Amino acid sequence: MPTTAQIPASPGSRRLISALGGYGMVLPAFLLMVAIIAYPAVLSIIQTLTTGVDGRATGFTLAQYLFFFHDRLSMTNLLYTLRVGFIVLAVLLVVCFPIALYLRFSHSKLTSAVYILALFPLFVPTINLSFAMIRFTTTHGLLDTLLSRAGLVHYVTPYLRTSGTIIGLVWEGIPFTVLILNAARVQVDDSLLESARDVGASIPQVFLRILLPLIKNAVIIILALQFLGILGSYTIPYLLGPAEPEMIGVFMERTYDQVHAPLQAQTQAVISFFIAAIAGILYVRTVASQQRRTEGR
Amino acid sequence: MRFGFRVSSLALISAVAFLALGAAGVQAQARTTLNVYVDADTNITDWLSGTVAPAFEAANPQYKVNMVIARGGITMDDVINRTIAALKSKADPQVDVIEGLDPSDFTKASLDAKLWVTFSKQNIPNYGTLNPAVNILPYGLPYRGSQVLIAYDSTRVPQNEVPKTFPQLIAWVKAHPGQFVYCRPDKGGSGGNFVIRAIYEANGRNPSAFTADNYSDSLAGTRLPPAWKILSDINPAIFQNGSYPAGNLPTLQLLANGSVSMITAWSDMALQALGNGTLPSTIKLTQLTDLPFPGGYVYTAIPVNATHMAGALAFANYYISLKNEASVVKDIGGFPTIKLSLLPQELQDVLSAALTDKAPPIWPSGSWSDALNAGWYKYVATNAQ
């Protein structure tokens with residue numbers, strides 16, 4: 001840690017001022033969090049636990065949750081969301097590791113072009129992406145036309161299927177994954193990799209034996225944050241995915257807005273919140289342990 | 001602190017935007033300014049400010065139209081409640097015309113307060129030109145309508161195969177797997193009204209069996225399942241083995257690019273798309289003759305305490321004039337509410353196939369729609385794999 005400019009004061013009071021200053025800077029954000037997120041969330045959780053399925057207020061009850069876990073549609077949608085989430089995470093890693101490795105080992109002029117291309121989705125609004133995907137992948141769309149020109153006529157469109165959702169979410173998730181992987185491998189000492197290469201290790205070996213263990217935390221951070229993003233995704237599964245099963249975000253909005261069952265939607269939200277919390281805990285623990293290690297160095 | 005900074009910059013931007021909007025609102029007012037409140041999508045508000053207002057002002061130079069969009073922050077409910085309050089306290093409501101209402105907007109509270117002007121030939125000279133088949137309300141002047149229609153590709157659906165009744169439509173869908181699609185009922189009215197039409201079909205084609213106040217879970221439990229049966233039967237024959245697009249527009253796109261040969265579509269969207277070439281001219285529109293797909297009319301109303309009553313009536317009269325009704329068809333793809341024979345022949349031709357003299361049935365929404373939106377996903381869409 002670089003030292004800050006010298007302030008003529010005793011070390012004790014200086015520490016106090018900096019501590020207070022720190023809290024002062026955090027306070028507005030913290031209060032905002034409490035006021036617009038924590039407080040309504042707690043109210044909402046309490047409401048789901050004190051309302052019967054008929055919508056009448058009662059004492060403590062698990063009726064809303066029992067309904068959710070016994071409702072075939074709700075459970076299908078929840079499990080579907082988790083399944084899509086894990087598939088997207090797996091595909092993201094499979095797609096992004098080679099890109100990150102390429103960026104690490106290649107020094108050609110093409111490298112920066114590839115990097116920019118990988119980050120490109122970051123600058124495309126999701127709604128534009130979704131409609132572009134529709135036009136590109138739909139039946140009689142660009143891809144279909146190109147394939148049939150090449151003689152491939154058995155094209156099955158991913159549009160309005162689960163594969164449509166997965167393709168959209170992967171495309172959207174690439175930049176963040178590449179950014180974090182890239183940042184993590186920058187921290188890895190080049191000499192480690194080069195000495196391994198010098199003694200004859202192949203690139204897959206360098207990756208599995210040296211790079212992967214060293215950037216394990218970055219991978220966990222990617223998995224946790226991307227999972228949260230997928231859990232909360234809306235536009236892509238809404239426009240590109242099937243009507244049913246639905247991702248939980250789409251299901252929640254529909255339950256709230258179209259079925260006008262706010263308590264069911266709240267219950268869905270609480271359940272997704274707890275699932276998100278698992279990923280959140282994983283993320284926080286990883287970041288904290290990494291910080292401890294850097295400070296210990 | 002990134003979060004805090006974002007919030008404060010957002011606040012700054014909205015403050016600047018607020019000031020700018022406020023400044024735009026205060027302008028020189030030489031002529032009598034009519035306050036027209038409207039609740040509508042941008043295609044309608046653009047049309048009002050870009051086409052209707054200039055034409056009305058040209059014909060009535062003593063008036064200037066100030067359009068106020070009641071959407072988002074203030075809703076039409078707020079405007080109506082404020083006008084009722086002004087009526088009771090004899091204050092100036094600063095409202096002249098209220099535009100874009102549907103029948104449910106004429107609330108009991110507003111009727112009890114005797115808020116609305118009753119329209120007749122006496123106060124609206126053009127009143128007699130209205131088409132009697134249109135659902136005319138005593139306090140609501142219908143000026144445009146839209147309904148759901150069948151849109152089909154005439155190069156692939158021969159004239160003798162075009163369905164004229166709902167059973168014929170279902171038979172056609174089954175006979176041509178993958179060639180028909182409607183959107184998810186809650187994501188767009190073109191799909192929603194197809195599903196409603198199926199519900200009517202399963203209940204003796206009797207729209208009056210569904211009213212705003214006769215909903216009960218048990219009634220829904222007997223009336224909706226037969227419709228789910230009809231719809232889940234055709235599910236495998238829908239585009240890509242039961243793939244339903246998430247809106248009116250994506251459905252039109254599937255017809256436009258030739259993925260399907262037949263869809264249900266909103267009349268105004270289809271007419272507009274045909275007009276601007278988004279849909280090729282080989283796409284034709286038709287309406288069922290046994291019972292049309294549901295739709296509705298949009299109404300204009302005037303409160304009895306309108307600040308400028310003469311101006312408000314002049315505006316309403318212009319609104320249903322031949323000139324404006326032709327613009328409804330040409331510019332926004334709406335259905336006219338005046339007698340068809342009054343329209344120019346070319347517009348009659350555009351509309352002829354799609355228009356019926358029967359008024360489209362009106363679905364009560366509310367709890368019936370909630371049950372529809374829940375049931376369709378549960379019993380129809382889940383069959384899709």
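Predicted model: local features only at pLDDT ≥ 70, side-chain atom pairs only at ≥ 80, totals over all residues.
Residues are numbered from 1 along each chain as its sequence is written, with chains lettered from A and ligands numbered from 1 in the order in which they are written.

Chain A contains 13 helices and zero strands, where helices (H or I, at least four residues) and strands (E, at least two) are DSSP runs numbered from the N terminus. Along the principal axes, the C-alpha atoms of chain A fill a box of roughly 75 × 65 × 30 Å. Of the 297 residues of chain A, 27% count as buried. A residue is buried if 20 or more other C-beta atoms lie within 10 Å of its own, exposed if 12 or fewer, and partly exposed in between, with C-beta atoms placed from the backbone. Among contacts in chain A with a separation of 6 or more, 67% join residues 24 or more positions apart; a contact requires C-beta atoms, placed from the backbone, to lie within 7 Å.

Chain B has 15 helices and eight strands. In chain B, 42% of the 385 residues count as buried. Of the contacts in chain B between residues at least 6 apart in sequence, 78% join residues at least 24 apart.

The contact between the chains takes 22 residues from chain A and 24 residues from chain B. On the side of chain B that touches chain A, two or more residues each come from helix 1 (2–25), helix 10 (248–256) and helix 15 (366–380) of chain B. Helix 15 of chain B gives the most to this side, with five residues. The side of chain B that touches chain A has eleven nonpolar, nine polar and four charged residues. In this classification Ala, Val, Leu, Ile, Met, Phe, Trp, Tyr, Cys and Pro count as nonpolar, Asp, Glu, Lys and Arg as charged, and the others, Gly among them, as polar.

Two packed helices are described by the angle between their axes and the distance between the axes. The axes are lines fitted to C-alpha atoms, for helices over the stretch in contact, and angles run from 0 to 180 degrees between N-to-C directions. In chain A, helix 3 (residues 72–105) and helix 7 (residues 162–187) pack at an angle of about 40°, with their axes 7 Å apart. This angle makes helix 3 of chain A oblique to helix 7 of chain A, since angles under 35 degrees count as roughly parallel, over 145 as roughly antiparallel, 65 to 115 as roughly perpendicular and the rest as oblique. The crossing of helix 3 of chain A and helix 7 of chain A is right-handed; a crossing is right-handed if the near helix is turned clockwise from the far one by less than a right angle, and left-handed if anticlockwise. Residues of helix 3 of chain A in the contact include A:Val84, A:Val91 and A:Arg104, and those of helix 7 of chain A include A:Thr162, A:Gly173 and A:Arg185. By class, this contact of helix 3 with helix 7 of chain A has 16 nonpolar, five polar and two charged residues.

In chain B, helix 2 (residues 42–59) and helix 13 (residues 322–332) pack at an angle of about 145°, with their axes 11 Å apart. Their crossing is right-handed. Helix 2 of chain B contributes residues including B:Trp47 and B:Val52, and helix 13 of chain B contributes residues including B:Ser327 and B:Asp331. The contact of helix 2 of chain B with helix 13 of chain B has five nonpolar, four polar and two charged residues.

Most residues other than glycine have a negative phi, and most peptide bonds are trans. The peptide bond from A:Glu244 to A:Pro245 is cis, with omega near -5°. A:Pro245 lies in the loop between helix 11 (235–240) and helix 12 (248–257) of chain A. A:His140, in the loop between helix 5 (126–137) and helix 6 (142–149) of chain A, has a positive phi near 65°. A:His140 counts as partly exposed because 16 C-beta neighbours lie inside 10 Å. B:Lys114 has a positive phi near 50° and lies in the loop between helix 4 (108–112) and strand 4 (141–153) of chain B.

How values were computed: Contact = placed C-beta atoms within 7 Å.
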